[in-house]
Amino acid sequence: MFDVIHKWDTRWLLRLIHWPKRAQFLQLIRLVSRTGDGHAYPIIAFAHLALGLDSNLRVFKIFLAGFCIERSAYFVMKNSLRRRRPTEHLSLESAVTPGDRFSFPSGHTSAAFLVTTILALVFFEYSALALIPLAWACAIGCSRVLLGVHYPLDTIAGCLLGSSVAIFVSNSAYFATL
């Protein structure tokens, strides 16, 4: 079963890596990936405070709880499952140097979907405006595969991890009232 999944994952990775226009867009792909490095996340978490939109700190607490849970789960999964990066399995080079050794799940994708889902649930309340950060999170996941540092299923797992933690903390009265 795992062999079939790995073959599918590898086949899709190679299709994306060998996309004919990849070289033309490599700088843009790197830039998109860099937006998910985490530098902007504290700004997003504090922005609503600076604008006076969160006097009881509810949204800040949701972001804080979300990141604590998501980063912990990500770390445990990544270091327990220890899936090697595509460059260790295949004869290809990644276009960037990954920050760690293992690939499952994608931390960039997980954090991006955590932020995006919190924004969608708390700020945009399911409006069409939520599609903007959702498109950004999807672009980060795709960029990680196109850069050769993740398999497609790594980014799908990151999407599921980040989104599920965001839904949990956003809908939990406990985290909203800490």
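1. Helices here are DSSP runs of H or I with at least four residues, and strands are E runs of at least two, both numbered from the N terminus. With that in hand, Trp8 and Trp12 both sit in helix H1 (residues 2-17), four residues apart, about one turn of the helix.

2. A word on the source. This is a predicted model, where local features need pLDDT of at least 70, side-chain atom pairs count only at pLDDT 80 or more, and totals for chains, interfaces and linings use all residues. Residues are numbered from 1 along each chain as its sequence is written, and side-chain values use heavy atoms, with hydrogens and water left out.

3. Along the principal axes, the C-alpha atoms fill a box of roughly 55 × 35 × 25 Å.

4. Now packing. Of the 178 residues, 44% count as buried, where buried means under 20% relative accessible area, exposed over 50%, and partly exposed in between (1.4 Å probe, protein chains only). Taking a contact as heavy atoms within 4.5 Å, 79% of the contacts between residues at least 6 apart in sequence join residues at least 24 apart.

5. Back to the aromatics. Rings of Phe, Tyr and Trp (its six-membered ring) pair if their centres lie within 6.5 Å; planes under 30 degrees apart count as stacked, over 60 as edge-to-face and the rest as tilted. By this rule there are four aromatic pairs. For Trp8 and Trp12 the ring centres are 6.3 Å apart and the planes at 50 degrees, so the pair is tilted. Trp8 is partly exposed at 33% relative accessibility, and Trp12 is partly exposed at 35%.

6. The rings of Tyr41 and Phe67 have their centres 5.6 Å apart and their planes at 35 degrees, so this pair is tilted. The pair links distant parts of the chain, with Tyr41 in helix H3 (residues 41-50) and Phe67 in helix H4 (residues 58-81), 26 residues apart. Both Tyr41 and Phe67 are buried. Together with Trp136, Tyr41 and Phe67 form one aromatic cluster.

7. Ile43 is also found in helix H3. Is Ile43 buried or exposed? Ile43 is exposed, with a relative accessible area of 59%. Ile43 and Ala23 are 20 residues apart in sequence, and their C-alpha atoms are 32 Å apart in space.

8. Thr117 belongs to helix H6 (residues 107-123). At 11% relative accessibility, Thr117 counts as buried. Leaving out residues up to four places away in sequence, Thr117 touches Ser163, Ala166 and Ile167.

9. Two backbone spots to check by eye. The peptide bond from Phe104 to Pro105 is cis, with omega near -5 degrees, and Pro105 lies in the loop between helix H5 (86-89) and H6. Arg82 is not a glycine, yet has a positive phi of about 50 degrees; Arg82 is in the loop between H4 and H5.
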